[in-house]
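Here are my notes for you to read with the model open beside them. Please take the points in order and find each element as you go.

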Amino acid sequence: MTARRKGVEVERRVQHKYVPATDAEREEMLRAIGVGSVEALFADIPEAVRLDRPLALPPALSDPELIAQLRALAQVNLDCDRATSFLGAGAYDHYVPSVVWHLAGRGEFLTAYTPYQAELMQGELQACYEYQSMLCELTGMDVANASMYDGASATAEAAVMAKDLTKRPEVLVSTAVHPEYRQVTRTYVAPLGVQVTDVPYRNGVTDLNAVEAALSERTAAVIIQHPNFFGSLEDARALADLAHRAGALLICAIAEPLSLGILKPPGAWGADIVAGEGQPLGNNLNFGGPYLGMLATRMEFVRRIPGRLVGATVDTEGRRGFVLTLQTREQHIRREKASSNICTNEALLALAAAIYMATLGKQGLQRVAELNLRKAAYAKDAIGSIRGFEIAFDAPTFHEFVVRTPLEPDELNRRLLQHNILGGASLGRWYPELRDAWLLCVTEQRTREEIDRLVEVLEGIR
Amino acid sequence: MYPKELRYSTEHEWAKVEGKRVRVGITKFAAEKLTDVVFVDLPQKGVKVGYMQPFGVIESVKAVSDLYSPISGTVVDVNTKLVDAPEVVNTDPYGEGWMILVQPEDSKELDKLMTADQYATMIGESGS
């Protein structure tokens, strides 16, 4: 008891600048509720699990000391500003123009809450609406939602949509889809009674024959990624045709939306639902999150779309305005029969994506996509001609490609790090048959000098 | 308000025997409670429906509800006009606002439904 009382005394003596209640106010609150002490509030917690001493915290640091300590901790991390990164695999290091976060970082956007009160939140709603509109243009789809958590959960939500739309119990997933997207999809749909069946890849792309053989009247959807996890372009139209012939939907997962600056939009080759990751559009790597889930589909499926949707309308005086729409799909109204249990979106990141797309414009997106394509092609050629290194697959690629390496990829990465180069992803982590395979990514951020430097170091390693 | 020749479910659907088939819709009471109907999601032809199992969804400006089939069987026709004109459910619930036509599996299920008077009593209105 003595020790505990001491704890309370310590707490009282230190006035915390971020806890505004004064001693007098605490006393007043205790009197109001008829409790003798703060201690007494914890009486219901068994003695055995209560801490009988003050928390072992160091004394509070001054602001300058605190900043210095945090900065030192941050220095321990390696980031793409300090190392030359050739790592992608679902998180992409692109240049973010300063205007993006200059605008997105404004307090009006940064602190905005869910826009339930349309009359107070036209700015936020308009931003979401513009993001949705641009995403539709980018993907060639009719309707996009106001965003979801990330590419993996958006893919899973698309699978749920397909199950509800077709009333069929199975989804086929290409193993050339990001392994983590596949894991998350399984986690989401298993409790809903949906079976997830893997379909193999061959020479770096989804095996069309295997898809055809696996399709049946139980198949709700075929899920592919395009460009796929290996960076390869799929025979997307043929896959969509196969799915449609069996009465199934084609879900196209996209980990790199910038590829759409140069590739045909999924809506043009028959995709029914596009799900994917919006991080590459104006968002930083953020140590893996928060990220931006994209989801777009055809108008006929709009009532099964998950999550928030912003629509344009007119007010009583005929002026254009924006509101959350078709909310009867959502959990706060439809309860257990909602199209999804998602009750939020990544509004700020969606805004950044909208500003990024608007800043670049149609030609800018095309130009950035071309830069990615060309720089990656240059690196692919150069690395493919180093003795002992071999390009693993024949299919055309966008800005990622798989290399067979003479050393374990993890060992290669360790050695590259000594040269301040962040190497590629080791595919053996997910694919036992690809233990010597290394997934490299070359974005517009990499200069020719940096690529030449990588090649030089790799030549030296052999 | 509640035609004598129809049978009624506790979920406010009506069933009308037409030869060997049963036509299904929702009652005027339900349509009025829902207010303006903006969307009706109906099954495809050929789908099986179960007695008092959901066969579709109706959505108004105020609420969204499941539609329950007062009879089990196979859907042989669907009122596709409701896709473009869902408001017909409000204006003509017993006529143009019908929803599905069912080939019943067990016509005896109709005996479990209410008469117009029973239905009126259930919703607290006097009969006819």
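1. Two strands pair if DSSP finds at least two bridges between them. Helices (H or I, at least four residues) and strands (E, at least two) are DSSP runs, numbered from the N terminus. With that in hand, look at β2(A) and strand β10 (residues 293-297) of chain A: 2 bridges join them, and they run antiparallel. A:Ala144 has A:Ala296 in β10(A) as its bridge partner.

2. A word on conventions before we go on. This is a predicted model, in which local features need pLDDT of at least 70 and side-chain atom pairs count only at pLDDT 80 or more, while totals for chains, interfaces and linings use all residues. Residues are numbered from 1 along each chain as its sequence is written, and chains are lettered from A and ligands numbered from 1 in the order in which they are written.

3. Now for the sheet. In chain A, 7 strands form an open sheet with mixed pairing, in the order β2-β10-β9-β8-β7-β3-β4. Its edge strands are β2 (143-144) and β4 (195-199) of chain A, each pairing on one side only.

4. Next, find two helices that lie across strands. Helix α7 (residues 151-166) of chain A lies across β3 (170-174), β7 (219-225), β8 (249-254), β9 (273-277) and β10 of chain A, at about 165° to β9(A). Helix α8 (residues 179-189) of chain A lies across β3, β4 and β8 of chain A, at about 160° to β4(A). Axes are lines fitted to C-alpha atoms, for helices over the stretch in contact, and angles run from 0 to 180 degrees between N-to-C directions.

5. How do α7(A) and α8(A) pack, at what angle and how far apart? The angle is about 45° and the axes are 8 Å apart; α7(A) and α8(A) are therefore oblique to each other. (Angles under 35 degrees count as roughly parallel, over 145 as roughly antiparallel, 65 to 115 as roughly perpendicular and the rest as oblique.) Among the residues that meet are A:Ala156 and A:Val160 in α7(A), and A:Tyr181 and A:Val184 in α8(A). By class, this contact of α7(A) with α8(A) has 8 nonpolar, 4 polar and 2 charged residues. Two residues are in contact if their C-beta atoms, placed from the backbone, lie within 7 Å. Ala, Val, Leu, Ile, Met, Phe, Trp, Tyr, Cys and Pro count as nonpolar, Asp, Glu, Lys and Arg as charged, and the others, Gly among them, as polar.

6. Strand β11 (residues 310-314) of chain A runs antiparallel to strand β12 (residues 320-324) of chain A, and 5 bridges join them. A:Val310 has A:Leu324 in β12(A) as its bridge partner. This hairpin of β11(A) and β12(A) has 5 residues between the strands, and A:Gly318 takes a positive phi near 80°.

7. Finally, step back to the domains, whose bounds come from an automatic or database domain assignment. Chain A is divided into domain 1 (1-76), domain 2 (84-94 + 362-461) and domain 3 (98-356). The centres of domain 2 and domain 3 of chain A, taken over C-alpha atoms, are separated by 27 Å. Their contact takes 25 residues from domain 2 of chain A and 23 residues from domain 3 of chain A. On the side of domain 2 of chain A that touches domain 3 of chain A, α13 (347-384) and β14 (400-404) of chain A each supply at least two residues, and the largest share, 7 residues, comes from α13(A).
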